[in-house]
Amino acid sequence: MEVSDENLATLASYLEKTLNPDPNIRRPAEKFLEGVESNQNYGILLLHLINNENAQLVIRVTASITFKNYIKRNWAVDEDGVDRMHASDRATIKSLIVQMMLKTPEGIQRQLSDAVSIIGKHDFPEKWPGLINEMVEKFASGDFHLINGVLRTAHSLFKRYRYEFKSQKLWEEIKHVLDNIAKPLTDLFVALIDLAKKNNNVPHALKVIYNSLVLTCKVFYSLNYQDLPEFFEDNMPVWMPNLLNLLQDKVPCLETSDETDVPGVMEELRTEICNCAALYALKYEEEFSPYAPAFVTAVWNVLLNTDSKLRFDALVSNALTFLAKVAEKNSYKNLFEDPATLSSICEKVVIPNMQLRESDLELFEDSPEEYVSRDIEGSDVDTRRRAACDLVRTLALHYEDKMMSIFGQYVEVMLQKYSESGGTAWIGKDTALFLVTSLASRGGTQAAGVTKASPLVDLTSFAANHVLPELQRPNVEELPVLKADAIKYIMTFRSLLPKELIATAFPLLIQHIGGRGVVRTYGACAAEKLIAGGMLPRAALAPHAPALLRALLAALAGRAHPAAPAAPPPPADPAAHDEYVMKAVLRTLACLREDALPYLGEALPKLAGMLAVVAKNPCKPHFNHYLFESLSLAIQLVVKSNPKAITAFEDALFPIFQDILQNDVQEFMPYVFQMLSLLLELRGAGAGGEAPELYAALLPCLLAPPLWERPANVRPLVRLLCAFVLARHDLVLSSGKLNAMLGVFQKLIASKTNDHEGFYLIQTMLFKFGQSVMQQYTKQIISLLFQRLSSSKTTKYVKGLIAFMGFYSAQFGADELIELVDSVQANMFALYVQRVLVPDVRRVSGALERKAAAVGCVRLLCHSARFRADLQPLWPAVLQALISLFELPPDESTLPDDHFIEVDDMPGYQPQYAQLTCAKSAADDPLAGIDDPKRYLAESLGELSRAQPGFLPPLLAALDEPHRAALQACLAAYSVHVC
């Protein structure tokens, strides 16, 4: 693909078509671009188009987004060594991208900045050592478009330091960065402050300068996150006073008008400064202590001077977080221990920021999903309430008595006002409930909620007097915020509340699943957590099952209450589906098991109908996962009770599965393959007779190469092929697909990522088809296995190979295995024993794998004529390795060819494989006839001793003393005597 005007015009044309709302125009264009992106110069063409000022801006922006995604998908070389880009393209892109990024419009600059950070993650600094110097030299340009472009890229490149695990490689990279950027960044910071003073009355210039300061603070935070760099420690007298002044500065011309909810540049700057101050207060306490009092005062004044408007949310949240971090440290205790200070914090900071605002109420009513994500999920969006809650918890931990006394008074006043007002002062009670939850919590887990609470708060009494009464109101729509608060209280303290109170509350929770929005979600979430935590065991749940499932199914159908008129289909918009309700359905069915059968007749058509709807727009991954899990569990339960019912499931689900496969719904394919495997395995186990012809039509499609190119498909596809081999081996043979399956095995075994799946597939084929079918292929199979061993000897592969060889030896005979391996290359089996089996058998993990390895060793030792002839010198070493396998823990050390791949290194968007717990296959044991490998060893040695007296003693004498003692103990345990 040459860089020519003709190709640029063609590329622009197809990019324009990708913006067309008509899928008949858009999809072919997308497919075309996917098809050509592997061509040389594709990325270079995109860059030339981005840089073409004569092209439409919308095309240039589209090209920049396409380029970023192209880099994301293709820059990383995968762990099997497959490089999807030409080396010359890589070099050209790195030589062009920084200069190009810095001179393009901001919308394009942001995309190219992201692309630089993606490339940097893989190539910087080893393969791109000049990147920082190329960027830093632009600081002296005086052009703020260039400077901000560099700072934005630096932030994008360095922000991963905030969450990376410490390692030598990371330290070396950060040192390289600091050596090249710490001083220029500090000089730029000082120069920007000086420029701000000189341009004090020039609003446009000030806005650009302060934007640069915001980005500078972000880079400063990232560079300081892992550890306090020596340069920045030495220059704290430069940074800290200036940050403090910027926090206190008032620049009237940059203050945001009251009409907007979007933070202005001054709010953004103060937010970042609070972030930096909190980092230093938490991690570098001693160095920061001289500056702490002044920062506390400044942050306090910021909080007092900001109101409840949305644009201050991030600032207030970071400011409260700073105070919480400071309050954690003993050296700053004197700043908070005065009761007057605590009282002032409560009255002027905590309670105002805990109170529900008009915007919060709008979110509660209009965007319940976002409200829930902020309130009970702990989303990435920091809220004022959560930050105030964290501050309260920190203060209550250190000044418990004082805090309870001060805050307790406010709580009493707010509850009293609510009681006297007849419910109109409900916002005060909402604040009181939130405050009590914050004060009482001392620690907990995601699974159990709060498990440790303050002894000064009587949780049970408070629940009985102030929580249950809200749930006992007959109208579930009345005062919905307090309903949600009450449900959240029970959910939060579920592990600490008495069983009697939980038993009283549970029917009330079911009623509230019939509510709307947040109340419905909280009701379902609370019910699910109580069941999951064992507060409602199966026997206690059974009486509530009809009402609970009726309420949950009504909620899924979009009805406000189970008693409302039936609404046939589920909501047509998948975005309206509630994942908490779906999870509660799954949890209820999983707890009830067979007791759920009477209700599944009503539930299954609704769940199948819902699957047909979400398949058209799979926008909620958690909801979808719980839906597939629920269907899988229903299949397991019903077919176990009535094997013939499997036909009804196939009739209902196959048309939906067919649509998903035909429309290439990538997110759902791994789920569909797992459920098809489950159905086919149940058929193979005898449910409903032989599998119908529907499956026969499916087999050729499963072997199509494009399906196997998606990582998420590989594991479920292998399982499905194995299900075909086990349940419909006649179909595999009659359709002539055996060679295609062997081709899949060859592809899998060559991959470091999927080699274990290759072992699973070939072992299943050998086990089911036997030597009569497979003998003609076994030499080629062994040849492929040893080729891979010589090219890439990873720990995972060695473990799989040893287990496979053990299986083969046990299934078809030890001497047969030896002859097969030596037919590929003379004396190769002896080399395998010396270089792989003996040194590495202890690496094998997994019960079935260790059993296969052990049984294989026993077969070699006791059932192989070759091991009593030319291979006899290897006999003691193999037995010693086998004893180590029995007596010592698995060897978890790694081999030189091991490479670790990060999840983030997966190129581009890939639907991730998610195991359906309820569709798991039972682990088939091809060696089920041998229960105890140790007993098998002892008894086999006994048989060998009787068959060949005098053969074993000299061999056993060659063992090391510890191994000999372990063997004697094993023989004695099974009453075996050798001679």
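Predicted model: local features only at pLDDT ≥ 70, side-chain atom pairs only at ≥ 80, totals over all residues.
**Entry 1: Glu478 and its surroundings**

I count two residues as in contact when their heavy atoms come within 4.5 Å. Setting aside neighbours within four places in sequence, I found Glu478 in contact with Arg473 and Lys483. I then checked the side chains: that of Glu478 makes a polar contact with the side chain of Arg473, at 3.3 Å.

Where does Glu478 lie? I placed Glu478 in the loop between helix 23 (459-471) and helix 24 (480-492). Its relative accessible area is 32%, so I noted Glu478 as partly exposed. I also looked up Gly515: Glu478 and Gly515 are 37 residues apart in sequence, and their C-alpha atoms are 9.8 Å apart in space.

I moved on to Glu477. The side chains of Glu477 and Arg516 meet in a salt bridge, with 3.5 Å from N to O. Glu477 is in the loop between helix 23 and helix 24, while Arg516 is in the loop between helix 25 (499-513) and helix 26 (517-532), so this pair ties together parts that are 39 residues apart in sequence. Glu477 is partly exposed, with a relative accessible area of 35%. Arg516 has a relative accessible area of 52% and is exposed.

A reminder to myself: side chains of opposite charge can pair when their charged atoms come close. How many salt bridges does a search of the whole structure find? My note says 45.

I picked Lys175 and Asp179, whose side chains meet in a salt bridge of 2.9 Å, N to O. Both residues belong to helix 9 (residues 168-198), and because they are four residues apart there, about one helical turn separates them. Are Lys175 and Asp179 buried or exposed? I found Lys175 exposed, and Asp179 exposed as well.

Next I took Arg385 and Asp430, which form a salt bridge with their closest N and O atoms 2.4 Å apart. Arg385 sits in helix 20 (residues 384-398) and Asp430 in helix 22 (residues 426-440), so the pair ties together parts that are 45 residues apart in sequence. Why does Arg385 count as buried? Buried means under 20% relative accessible area, and Arg385 has 10%. Asp430 is buried too, with a relative accessible area of 0%.

**Entry 2: a pair of strands**

I turned to strand 1 (residues 441-445) and strand 2 (residues 449-453). The two run antiparallel, and four bridges join them. A hairpin takes strand 1 into strand 2 through three residues.

**Entry 3: the nonpolar core**

I finished with the largest nonpolar core, which has 353 residues. Which of its residues touch the most other members? I wrote down Phe67, Tyr210, Phe322, Met774 and Phe829. Helix 39 (residues 755-791) supplies the largest share of this core, 15 residues.

Leaving out residues up to four places away in sequence, Phe322 touches Cys274, Ala277, Ala278, Ala281, Phe288, Phe295, Val296 and Val299.

Definitions and conventions
Residues numbered from 1 in each chain as written. Heavy atoms only, no water. Buried < 20%, exposed > 50% of the residue type's maximum accessible area, 1.4 Å probe, protein only. Polar contact = N/O pair within 3.5 Å; in protein donor to acceptor, adjacent residues only side chain to side chain. Pairing = 2+ DSSP bridges. Salt bridge = Lys/Arg side-chain N within 4 Å of Asp/Glu carboxyl O. Core = buried A, V, L, I, M, F, W, Y, C linked by side-chain atoms within 4.5 Å.
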